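Please open the model in your viewer and keep the sequence beside it. The tour below goes from one selection to the next.

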Amino acid sequence: MGRQTLLESLLQLLFPERCAGCRQLGSLFCQACQARLAPYIPDARARPASLAQVHIAYSFEPPLREAIHVLKYLKARRVARPLGELLARHIAAQPYAFDAVAAIPLHPSRQAARGFNQAEALAREVARALALPLIDGPLVRLRDTAQQATQADTRARAENMRGAFGWRGAPPPRRIVLVDDVYTTGATMNACAEALRAAGAESVQALALARSRLS
């Protein structure tokens, strides 16, 4: 038994798996909750200019909304496994051509406070399922931006993200899929794609677990 498997077994013994959607014991995201997920139906909102394509699996509604909340704010990193598997199945069912997977990076101060990057945890599951390399390190957040949820509209969100990301290292892979948990206006994804394309990437596509709407 490997070290990681032993650790996971110990965690399950001490902290039995509880569904992040309905809180029932038995699994991290139960089949009943998965059956209730609302597939995302594309609408007329424009795609940001730096993204070649946008892939979104579900609408940001219960029980997925609760599961993402548990992952991000209750710091239940294990929930990334079933959510990442759902995201991987979504993209694997579509035509795709990527050379690598990347995640929206957190600012170091925010990652230290949270303990991990939920987008990176999801991206790791996608990379594993698609047998693609995961970019981890060169793509960085240059400044600690205000939370996007506090921004009033699409223009404010775009301005908040302007110049927020950078690439430090050798040129990135040619075709990248960029992963995040929730996509609203696409401002964060677009700013990150701009940094990747400025560093040499030819195509950046977005992949998100859910899409929310501005209130």
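Is tyrosine 96 buried, partly exposed or exposed? Select tyrosine 96: at 35% relative accessibility it counts as partly exposed, where buried means under 20% relative accessible area, exposed over 50% and partly exposed in between, with a 1.4 Å probe and protein chains only. This is a predicted model, in which local features need pLDDT of at least 70 and side-chain atom pairs count only at pLDDT 80 or more, while totals for chains, interfaces and linings use all residues. Residues are numbered from 1 along each chain as its sequence is written, and side-chain values use heavy atoms, with hydrogens and water left out.

The structure holds one aromatic pair (ring centres of Phe, Tyr and Trp, the last by its six-membered ring, within 6.5 Å; planes under 30 degrees apart are stacked, over 60 edge-to-face, the rest tilted). The rings of tyrosine 96 and phenylalanine 98 have centres 5.3 Å apart and planes at 20 degrees, so they are stacked.

Next, colour the open sheet, whose four strands follow the order E1-E6-E5-E2 with parallel pairing (strands are DSSP runs of E, at least two residues, and helices of H or I, at least four, numbered from the N terminus; two strands pair if DSSP finds at least two bridges between them). Its edges are E1 (53-59) and E2 (100-103), each of which pairs on one side only.

Select E5 (residues 175-183), which runs parallel to E2 and is joined to it by four bridges; in E5, isoleucine 176 is the bridge partner of alanine 100.
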